[in-house]
Amino acid sequence: MASRGFTGSTPARFRLTSLISLAAIVATAVAALVAAQQLTEASDRVNESTGPVLVATQDVFASIAEADAASAAVFLSGTPEDREQRRLYELALERSSAQVQEVSRLVGDDDATHGSLKEISADLTTYSGLVEAARVANTQGVLGGPQTLTEAIGVVQEGIVPQVADITARTQERLDEDIDSGRTALLVAGLIGIIAIGILVAGQVLLTRRTNRLFNIPLVVATGLLIAMLVVLLSSWVRQQQALEDARDGGYDSIALTAEIQNTAFRYKTLESLALIATGDPAEQAALAEQLAAVDLGSEALIAEARVGNATGDGLLLEANRAADSTREQAATAEMLTRWDRYLNTSQDIQLALDAGELAT
């Protein structure tokens, strides 16, 4: 009876409507706060961890590939060895070790990535030891130097490179997750907000029927504030999504593509060097060259199109040209295509000389 009296009289209904409206407003505010916090945390992760890890991982990729190519060049220089190439190898190896530590610092509590980083560090130690053994054998005229160098390069290509690629893939997944983060909380906040607005409108209708007052100022203000809060929350999420998408498409994807080009080109150079000691793989060389560009780069028409970012054809270099979104980047990628064409022509001349027996091994 008491309960029926509470809900049956007009003042009681007003009090009940007020309490329900207040609870709905509080629930909406809490849900909006949680959603905003998740959006902020996602942006912070991209800025402080996910993004820098992706960049640093690509730097590791490039440094190890550079060390791989330089070590072969040092070996080929014989005695006395090429000091400049030796210096480049040591700097690249030192840089890659430091970059592994940087990735470990940035990655946070990702156990899988930490495991990959430990394997990379161990492989780098093994790699440097094999390179040194090959170098000593080469300078002292001991047999087995080429095989040892080939084994060292195998450590990079079969051990380190796949681990770096795995880290890159996991980081890219985390980046995608961060971009999508907050969507569920936003939907919950929006649903609660819509229900709250419905309750406030129902309360306004009830008051209008009971009191013949067209508007209740507190309810109108509360409804307006709720709508404004939901609009601000939604617009903030849209802006964040756009910013993160732009960062991924215009920044991180380009970094990953550039690193892949570096690794492929350095791998080609390594195989070219190994061909001089009869341990290279011409078929893999050809495949890498096609991976970089599967068209005639000497075409004037192609270079003209590349200068405006419209290079057509298959290959990483051509993809990078099409991905360039400024005149400066388009010019840089066009120049990269020209330089690769010149290098490839020189490489082919060396291979022809090798096949004809015109170069000593």
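Modeller: Let us begin with the classes of residue: Ala, Val, Leu, Ile, Met, Phe, Trp, Tyr, Cys and Pro count as nonpolar, Asp, Glu, Lys and Arg as charged, and the others, Gly among them, as polar. Please keep in mind that this is a predicted model.

Biologist: With those classes in hand, how do the residues that line the largest cavity divide?

Modeller: The largest cavity, with a volume of about 40 Å³, is lined by S71, V74, F75, R86, V131, A134, R135 and L149. Both α2 and α4 supply at least two residues of this lining. Sorted by class, the lining of the largest cavity comes to five nonpolar, one polar and two charged.

Biologist: How many charged residues are in the lining of the second largest cavity?

Modeller: The second largest cavity holds about 30 Å³ of space, and its lining is made up of T57, V60, V100, V103, L117, I120, V164 and I167. At least two residues of that lining come from each of α2, α3, α4 and α5 (145-180). The class count gives seven nonpolar and one polar, while the number of charged residues is none.

Biologist: Are α3 and α4 roughly parallel or roughly antiparallel to each other?

Modeller: Helix α3 (residues 83-106) and helix α4 (residues 111-139) pack with their axes 10 Å apart and at an angle of about 165°. Angles over 145 degrees count as roughly antiparallel. The two helices, α3 and α4, are therefore roughly antiparallel.

Biologist: Into which classes do the residues of the contact of α3 with α4 divide?

Modeller: On the α3 side the contact includes R86, Y89 and L93, and these belong to a set that meets residues of α4, among them H114, L117 and I120. By class, the residues of this contact between α3 and α4 are nine nonpolar, seven polar and three charged.

Biologist: Which element gives the most to the lining of the largest pocket?

Modeller: The largest pocket has a volume of about 370 Å³, and of the 16 residues that line it, the closest to its centre are A265, F266, K269, W340 and Y343. Two or more residues of the lining come from each of α2 (10-77), α3, α7 (217-275) and α11 (327-355). With five residues, the element that gives the most to the lining of the largest pocket is α7.

Biologist: Where does the largest share of the lining of the second largest pocket come from?

Modeller: This second largest pocket has a volume of about 240 Å³, and S254, T258, A320, E329 and T333 are the closest to its centre of the 13 residues that line it. The elements that give two or more residues to this lining are α7, α10 (316-323) and α11. The largest share, six residues, comes from α7.

Terms used
Residues are numbered from 1 along each chain as its sequence is written. This is a predicted model: local features need pLDDT of at least 70, side-chain atom pairs count only at pLDDT 80 or more; totals for chains, interfaces and linings use all residues. Side-chain values use heavy atoms; hydrogens and water are left out. Axes are lines fitted to C-alpha atoms, for helices over the stretch in contact, and angles run from 0 to 180 degrees between N-to-C directions. Helices (H or I, at least four residues) and strands (E, at least two) are DSSP runs, numbered from the N terminus. Angles under 35 degrees count as roughly parallel, over 145 as roughly antiparallel, 65 to 115 as roughly perpendicular and the rest as oblique. Contact means heavy atoms within 4.5 Å. On a 1 Å grid over the protein atoms alone, a cavity is a set of points where a 1.4 Å probe fits but cannot get out, and a pocket is an open set with protein on both sides within 12 Å along at least five of seven lines; lining residues have an atom within 4 Å of a point. Grid points are joined across faces, edges and corners, and a volume is the space filled by probe spheres set on the points.
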